[in-house]
Amino acid sequence: MEQLQTPPTLVAKGAGQAPTAARGRLGRLWKDVVKSKYLYLLALPGIIFFLIFKYIPMFGVVVAFQNYSPIRGIANSPWVGFQHFERFFSNPDFLILFRNTMGISLMNLVFFFPLPIVVSLFLNELRSEKYKKTIQTIVYMPHFMSWVIISGLTFLMFATGEGLFNKILATFGADKVDVLSNPHLFWIMLTIQSVWKEAGWGTIIFLAAIASVDPQLYEAARMDGAGRFRQMWHVTLPAIRSTIVVLLILRLGHIMDVGFEQILLMYNGAVSSVAEVFDTYVYRVGVQQAQFSYSTAAGLFKSIIGLVLVIVANKLAKKFGEEGVY
Amino acid sequence: MKKTLSDRIFDVFNVLLLGLIAVLTLFPLYYVFVVSFTDPVEYLKSSFILFPHRWSLASYSYLLATKAFVHSLGNSAFLTIVGTACSLVVTAALAYALSRKRLPGRRLLLLLILITILFSPGIIPNYLIVRNLHLINSVWALILPVLASGWNVILMKNFFDGIPVELEESAAIDGCNDITTFIRIILPLSLPSLAAFGLFYAVGYWNTFFNALLYLTDSAKWPIQVLLQNILLNSQNSELGMSAYVEAPPSETLKMAAVIVATIPILIVYPFLQKHFAKGAMVGSVKG
């Protein structure tokens, strides 16, 4: 802050003095600022963007402590303290949101997280470079598709009426299975979607870690009579252990973040009890019912927990001697 | 080195396993592709189709004759091109300025950008600022709030860090100021990297869904993803009839054709994207 506040005072002081006389730290700083004026000009559109669309909303969270009405604006809306937070925490919805968020996150952690590791271990063992490239090209592709496309594909595969899955069942005379509006299957469907879309993409970081393993280690393992499976288990896996640990920690830091667009798109009345998570709740209550203050409080609760978790996760990751994300 | 029997078994197993994974990845796309090109009559007659006997463009010609659909493709194209251009200019200019070590206040600015990565105020404060700026129902509501991401600024700054100071010093001797140096020297040098960032931004804009749902109530302004979701949703409740945006109830083949059309631009840029994975991948996968 100091640096940004000093220039105005210097304008006043510097005006009366010869520039050569101002030999102090501040004087030099001001000279640097003037010298960099075109750099500031380059940065200006970006700075304005961050101010308006990142920092103003950050201060906009104060509406969580008000009874905000759009007509009165933030300045004139009455302050109500933690009333909205109290209402949110005592609402039975709160526990459901919490359970759903944790449930979906844990499903992801258990069934999604290990897959990119396993796939990259096997990809690494492919002898044909060309085959490896082809597989990679295919499995990375879904990462770039929108959740609308993914949910569309899911409907076309699993819808009760015209979905391929049920059509195949029907030709074998089996009963139709309602996959998409079954609360018991909802989390599983989300996990399958995530695996299809992102598991391939997730291998990139592990393949990068594997690429730096010393080839001599494999030679030594072969000398000792290790087969390919044992090489994977005793050489490759330990070599990427720190990458795995760090990614796991960072993943835990994001445990409050579940796929918002994904859930919104797969949401339907029949699964609402297992599908509502913090973000979808904020959207429904806030935007659709215009309860701005209450929903901002709900969103702020999630953001703060998320922030704390991410910071703790980064600290932990650094303890493991890794760089962390920042 | 001689291959042992167990080595060979492993290789065969491995090739098959990864082949299976690739097939599972491709299958939904293959199925939707095939049905979208299937003659609607044949589709209705057969129980399920894994390969069409009679190919037909009926679904595509119907879809592309639907004004709302073509219009939303146009909206998305505009959004993607203009959005990507704006994002690149703003991100690159800011990132370059931040990469110059002589810039006073550089650390503070980087810290402020990092904070925006770590803390998001949530949907409602973002919604309120867009509303208060009277951007509702404007395509700019889909561009301005996502103009730059903290991640991309920092990634691009890391890239510009590698450009030696000597380059700008010699440009300064030739009479360039920082802005002309940036435009005449730095940008042309960084084109391949800018292209990579541009592709990632472009995919983001093409896939814009939630912001459009949030900020655009006027269906004439919808990008393709929102219209596509409306077309697809009607599968769930076809008895409710069609939304006002497409004239006739779409059959399954029509939906599949719509999915394919919305995917094609991604498939077109995909080979170019692939070249640049490594740069963005680390952050992307960490972010999850």
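## Domains of chain A

In this predicted model, chain A is divided into domain 1 (2–83) and domain 2 (86–319), with bounds that come from an automatic or database domain assignment. The centres of domain 1 and domain 2 of chain A, taken over C-alpha atoms, are separated by 40 Å.

Where the domains meet, 8 residues of domain 1 of chain A are in contact with 7 residues of domain 2 of chain A, contact being counted when C-beta atoms, placed from the backbone, lie within 7 Å. The side of domain 1 of chain A that touches domain 2 of chain A has 5 nonpolar, 3 polar and no charged residues (Ala, Val, Leu, Ile, Met, Phe, Trp, Tyr, Cys and Pro are nonpolar, Asp, Glu, Lys and Arg charged, and the others, Gly among them, polar).

## A helix pair in chain A

Leu121(A), Asn124(A) and Glu125(A) in α7(A) meet Arg228(A), Met232(A), Thr236(A) and Leu237(A) in α14(A). By class, this contact of α7(A) with α14(A) is made up of 3 nonpolar, 2 polar and 2 charged residues.

## Contact between the chains

In the contact between chains, 81 residues of chain B touch 87 residues of chain A. Helix α1 (residues 5–36) of chain B gives the most to the side of chain B that touches chain A, with 15 residues, helices being DSSP runs (H or I, at least four residues) numbered from the N terminus. The residues on that side of chain B comprise 55 nonpolar, 19 polar and 7 charged.

## Conventions

Residues are numbered from 1 along each chain as its sequence is written, while chains are lettered from A and ligands numbered from 1 in the order in which they are written. Because the model is predicted, local features need pLDDT of at least 70 and side-chain atom pairs count only at pLDDT 80 or more, whereas totals for chains, interfaces and linings use all residues.

Key. Two residues are in contact if their C-beta atoms, placed from the backbone, lie within 7 Å. Helices (H or I, at least four residues) and strands (E, at least two) are DSSP runs, numbered from the N terminus.
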